[in-house]
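Hi,

Here is the model I promised to pass on. Have a look, and my notes follow below.

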Amino acid sequence: MSLPRLPRIITHRCGGSLAPENTLAGLRASISRGYPGVEFDVMLSGDGTPCLIHDETLERTTNGHGRVARTPDAELFALDAGAGERIPRLDEALALCAEHGLWVNLEIKPARGQDVRTAETVAAHLPTLWPGTDNILLSSFSIPALKVLQQRLPHYRRGLLYDTPPADWLHELRALEASSLHCAAKAVSDALLATASAHAVPLLCYTVNQPQAAQELLRRGVSAIFTDRPDRLSHL
Ligand code: G3P
Ligand code: MG
């Protein structure tokens, strides 16, 4: 299993803390500072449009109220997502990333009950939006979503995402033909690193904002770090 062009440092939610999360301003911040890779979260709007947002509800990151999955596009894309930014559609975000040669981790973040539909929608659009497969990694906490991607986009690499990987993570990863394991930094143990290394599975971990902690994880064998503070970690 290999992940060509995997950056060691990946900016979390587009721009980390440099801009409102999951916005084009975040992508622009990453681009202007020369950060090579970004992660963002993709959910469906009430009209089924894939867009960049983390929470199922609008309150934390926008001036809207209620559930993303029940908000029509006309309302959703008029909201303020911070500093005058709008919630981006997936097609806009990928176009900007492609234009500037960013490596992308697209995390499928389905609203409850929409795992299959969200993955099906992304799968239907991705070959047009992002035809090459080397600079993109698709990930999800949702195994049903990853199964859809495995069926529909077998040539696009998949990352299996956990908070803490369960004992049978390698079995699940193989069943999904996934290329990488992603987990919370607190779940990185010597045993996990040894198993991942023995089976040549790249381990990516989130969310690490302190340079010393990031350096130590990389030294121990973690392949990449998701961070909100790429400004502190870009030298690693
Ligand atoms: O993909 C890594 C990380 O983004 C997973 O956690 O909640 O920030 O999407 P979350
Ligand atoms: Mg995420």
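How are the donor residues of the magnesium ion (ligand 2) spaced in sequence? The pattern is E-x1-D-x65-E, with donors taken as N, O and S atoms within 2.8 Å of the metal (3.2 Å for Na, K and Ca); water is not among the atoms, so sites may look incomplete. Glu 39 (OE), Asp 41 (OD) and Glu 107 (OE) coordinate the ion at 2.0 to 2.1 Å. Glu 39 sits in strand 2 (residues 37-44) and Glu 107 in strand 4 (residues 103-108), 68 residues apart, so this pair links distant parts of the chain (strands are DSSP runs of E, at least two residues, numbered from the N terminus). Both Glu 39 and Glu 107 are buried, meaning under 20% relative accessible area (1.4 Å probe, protein chains only).

Before going on: this is a predicted model, where local features need pLDDT of at least 70 and side-chain atom pairs count only at pLDDT 80 or more, while totals for chains, interfaces and linings use all residues. Residues are numbered from 1 along each chain as its sequence is written, chains are lettered from A and ligands numbered from 1 in the order written, and side-chain values use heavy atoms, with hydrogens and water left out.

On the cysteines, there are 0 disulfides (a pair of cysteine sulfur atoms within 2.5 Å). The sulfur nearest to that of Cys 183 belongs to Cys 205, 5.9 Å away. Cys 183 is buried at 0% relative accessible area, and Cys 205 is also buried, at 0%.

Cheers

Conventions
Helix = DSSP H or I, 4+ residues; strand = E, 2+ residues; numbered from the N terminus. Buried < 20%, exposed > 50% of the residue type's maximum accessible area, 1.4 Å probe, protein only.
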